[in-house]
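Work through the exercises below with the structure in view. Each task is followed by its solution.

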Amino acid sequence: MTDVRPTAGAESGVLQTLFRTDQGGHEQVVLCQDRESGLKAVIALHSTALGPALGGTRFHAYASDEEAVRDALNLSRGMSYKNALAGLDHGGGKAVIIGDPDLIKTEELLLAYGRFVASLGGRYVTACDVGTYVRDMDVVARENRWTTGRSPENGGAGDSSVLTAFGVFQGMRAAARTQWGEPTLRGRRVGVAGVGKVGHHLVEHLVEDGAEVVITDVRAEAVERITARRPQVTAVTDADVLIRTPLDVYAPCALGGALNDETVAALTATVVCGAANNQLAHPGVEKNLADRGILYAPDYVVNAGGVIQVADELHGFDFDRAKAKATKIYDTTLAIFDRAKSDGIPPAAAADRLAEQRMAEARAAR
């Protein structure tokens with residue numbers, strides 16, 4: 001296994017991002033390659049101020065290597081903030097494996113990736129993310145003891161999407177209380193974009209709470225799985241149609257960047273609360289939401305249930321203990337909305353301030 005440099009065309013852009021922009025400030029970025037297995041990966045450690053960096057492994061067919069590096073930088077930074085507000089003794093890290101998992105994912109590739117993570121000596125603890133699953137973490141763990149999200153039979157917590165969805169639901173309840181006075185979605189119409197690992201669990205919580213649910217997903221089988229089980233749930237063709245559908249709540253639960261100038265202008269919902277990471281396409285979108293009177297529940301706050309679950313695995317997993325901690329996402333989200341109101345800033349800025357405060361206090365204590 002070897003570390004490799006980015007291509008000449010990408011190097012200046014990557015270094016510019018890493019060292020000279022707000023997206024940077026990372027402690028360490030490792031570019032990994034194993035030619036025999038075909039592995040190309042990026043491991044980004046944003047901060048270890050609160051403890052070893054913790055974050056998932058994304059397996060995705062990026063348009064370019066530079067795009068993969070930028071995604072790792074953004075996602076790892078988000079994990080620092082997520083872990084801080086979740087009350088975890090972990091910093092933020094993230095890894096991305098470059099390529100289509102349906103085409104190149106093999107046991108040999110995952111083992112090679114595990115060796116790279118192990119080479120960091122515990123500075124980074126990995127888990128599942130988009131494109132990786134519990135069975136993959138079981139393989140990675142054969143080469144790397146700093147692996148979470150493993151199967152119960154291999155000493156792990158299993159599918160972290162269960163508590164991710166539960167936490168998003170708690171954040172949505174907090175948003176409903178702030179916007180409408182009651183912590184329930186009963187009688188509200190909620191649009192869920194992306195009903196995969198997390199989204200389908202969220203739909204179950206919403207239906208059981210009495211919400212009217214509208215869904216969409218790029219995969220027909222994901223939609224059909226839900227509508228077969230829950231015939232009262234309706235489906236639309238795509239996310240563009242969903243955001244224009246009359247809604248009370250919009251829940252982006254697929255890939256990031258769902259909230260941009262065009263989608264915010266078209267939104268009918270007055271609450272946005274979903275599981276996707278990095279929902280804001282660029283700085284300023286949070287102000288656009290606030291200017292339209294749309295209450296935004298910061299993604300890295302409400303989707304922290306999964307990382308709470310896998311962090312608990314490091315201490316001998318107890319589902320009830322992890323769920324109790326994920327329940328506190330409701331209180332954290334309310335506190336952020338209160339801080340936003342008192343400081344006259346969008347909730348995303350209020351969440352950032354609270355997270356940065358905890359990380360700064362940890363650095364000062366050290």
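**Exercise 1.** In which hand does helix H6 pass helix H15, and which residues make the contact?

Step 1. H6 passes H15 in a right-handed crossing (the near helix is turned clockwise from the far one by less than a right angle). The model is predicted: local features need pLDDT of at least 70, side-chain atom pairs count only at pLDDT 80 or more, and totals for chains, interfaces and linings use all residues. Residues are numbered from 1 along each chain as its sequence is written, and side-chain values use heavy atoms, without hydrogens and water.

Step 2. Contact means heavy atoms within 4.5 Å. Among the contact residues are Gly 167 and Arg 173 of H6, and Tyr 330 and Phe 337 of H15.

Step 3. Sorted by class, the contact of H6 with H15 has six nonpolar, five polar and two charged residues.

**Exercise 2.** Which word describes the direction of H14 relative to H15?

Step 1. H14 (residues 319–327) packs on H15 at an angle of about 15°, and the axes are 5 Å apart.

Step 2. Angles under 35 degrees count as roughly parallel. H14 and H15 are therefore roughly parallel to each other.

Step 3. The contact includes Lys 325 of H14 and Asp 331 of H15.

**Exercise 3.** How many disulfides does the structure hold?

Step 1. A disulfide is a pair of cysteine sulfur atoms within 2.5 Å.

Step 2. The closest cysteine sulfur to that of Cys 32 is in Cys 128, 18 Å away, which is too far for a bond. For Cys 273 the closest is in Cys 253, at 8.3 Å, also too far for a bond.

Step 3. The structure holds zero disulfides.

Definitions and conventions:
Helix = DSSP H or I, 4+ residues; strand = E, 2+ residues; numbered from the N terminus. Nonpolar A, V, L, I, M, F, W, Y, C, P; charged D, E, K, R; others polar. Axes fitted to C-alpha atoms, helices over the stretch in contact; angles between N-to-C directions. Parallel < 35°, antiparallel > 145°, perpendicular 65-115°, else oblique.
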